[in-house]
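Visitor: I've got a model on my screen and a few things I'd like to ask. Could you walk me through it?

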Amino acid sequence: NWEEECKKFTPQLTCVAMDGDAAHRAVLARRWAEADLVVTSYDLLRRDEDRYAEQPFYACILDEAQAIKNHTTQKYKAVCQVRSQVRFALTGTPVENRLGELWSIFSFLMPGYLPPYKSFCSRFEKPIVQEEDQTAVRRLNQLTGPFILRRMKSDVLKELPPKTESVLATTMETEQRQLYLANAAQIKRDLARQMEEGGFQASRMTILAMLTRLRQLCCHPALCYDDYTGGSCKLDTCMELLREASETGHKVLLFSQFTSMLAILADALDREGLSYFLLQGSTSKEKRAAMVDSFNRDGTQVFLISLKAGGTGLNLTGADIVIHYDPWWNVAAQNQATDRAYRIGQVNPVQVYRLIAKDTLEEKILLLQENKRELAESVIREETGQPALLTPELLLDILD
């Protein structure tokens, strides 16, 4: 994508896009001396970290810098080894889940500027997240604020058309509702037992897997039960939106975290005779680029996208409707996905729909999203941050 953007906006620059196998990348690296810009992915940088550590650059610029939020990963360590005079980090989500992610980005930008990680957590993360300590918020703002340039789309892209966001709450029919309630009751009993036995942390991943099961039941029970033959309230609502969009000449981006749900949606689109592309983690880079180019030019009506595989790095301004089939715990991921359509080049007003099942954990996820948004806001601007970490008490509230 960046190679294409370079051709469009800075054709005077010589750009080398690192791709292919190790032998091909070695050939491309010989062109670095004559290049103005070298573009690579985080994964390929990790594989070729020795080559980048040996080559001096003027600038190292991270796009989607939240990719290095975990300072224990090889990806983070490889990025920090790049030799450059200046460093920039571009991200719409400097804090997705915890303040330690901001520490990781700053430790790349300005090594040693913030306190060591453990000290940072005790001086800032714990007081801000757990105790809502406004003094700690102000201290962190004083440290990081001078180095953060925060610019909203409304400030720098005044030519962008308006964006309207709506939450569409759907009601489960009897069979889907019964399956959801039975699973929720079982998970609540299991969680209560874990809390009594003091083993919540040890079973955290199991509990999150149980919550994922509830989210799948909200999407379509067939994701959990192979023999399920009933309906799905969200699928019915989604297909109605897609039919209306097609009839009125709109193009749609449709996101889900579950590739199995995308397969169900693809079958439904086939039955309706609606054209679509499908992008998921297994889609090759070449096919991905071809589909994006075709969708922005041709009459394909729907682009089905896995949130993880296509939530960033795509320009899909050919669409003016975005549907989030299932809410994620963090609204930042959804906003980044929406920005595949709502970005430079968009000429039409954009309508965003978030589908949720009424009286389920999805309604609680919306509240949790807002809490996480406030946590991020408290770091970037002096506003009240709220606890956003999953605790036993919060999980019980989600299941009520």
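**A look around the model**

Guide: Thr-72 sits in the loop between strand 3 (56-63) and helix 5 (74-80); helices (H or I, at least four residues) and strands (E, at least two) are DSSP runs, numbered from the N terminus. This is a predicted model, where local features need pLDDT of at least 70, side-chain atom pairs need 80 or more, and totals for chains, interfaces and linings use all residues. Residues are numbered from 1 along each chain as its sequence is written, and side-chain values use heavy atoms, leaving out hydrogens and water.

Visitor: Which side chain does a polar contact of 2.6 Å join to Thr-72?

Guide: A polar contact is a pair of N or O atoms within 3.5 Å; within protein, one must be able to donate a hydrogen and the other to accept it, and residues adjacent in sequence count only if both atoms are side-chain atoms. At 2.6 Å, the partner of Thr-72 is Asn-70.

Visitor: How far apart in space are Thr-72 and Ser-104, C-alpha to C-alpha?

Guide: Along the sequence, Thr-72 and Ser-104 are 32 residues apart. In space, their C-alpha to C-alpha distance is 9.3 Å.

Visitor: How many aromatic pairs are there?

Guide: Rings of Phe, Tyr and Trp (its six-membered ring) pair if their centres lie within 6.5 Å; planes under 30 degrees apart count as stacked, over 60 as edge-to-face and the rest as tilted. The count comes to nine.

Visitor: Why is the pair of Phe-277 and Phe-303 given the class it has?

Guide: The ring centres of Phe-277 and Phe-303 are 5.7 Å apart. Their planes are at 55 degrees, so the pair is tilted.
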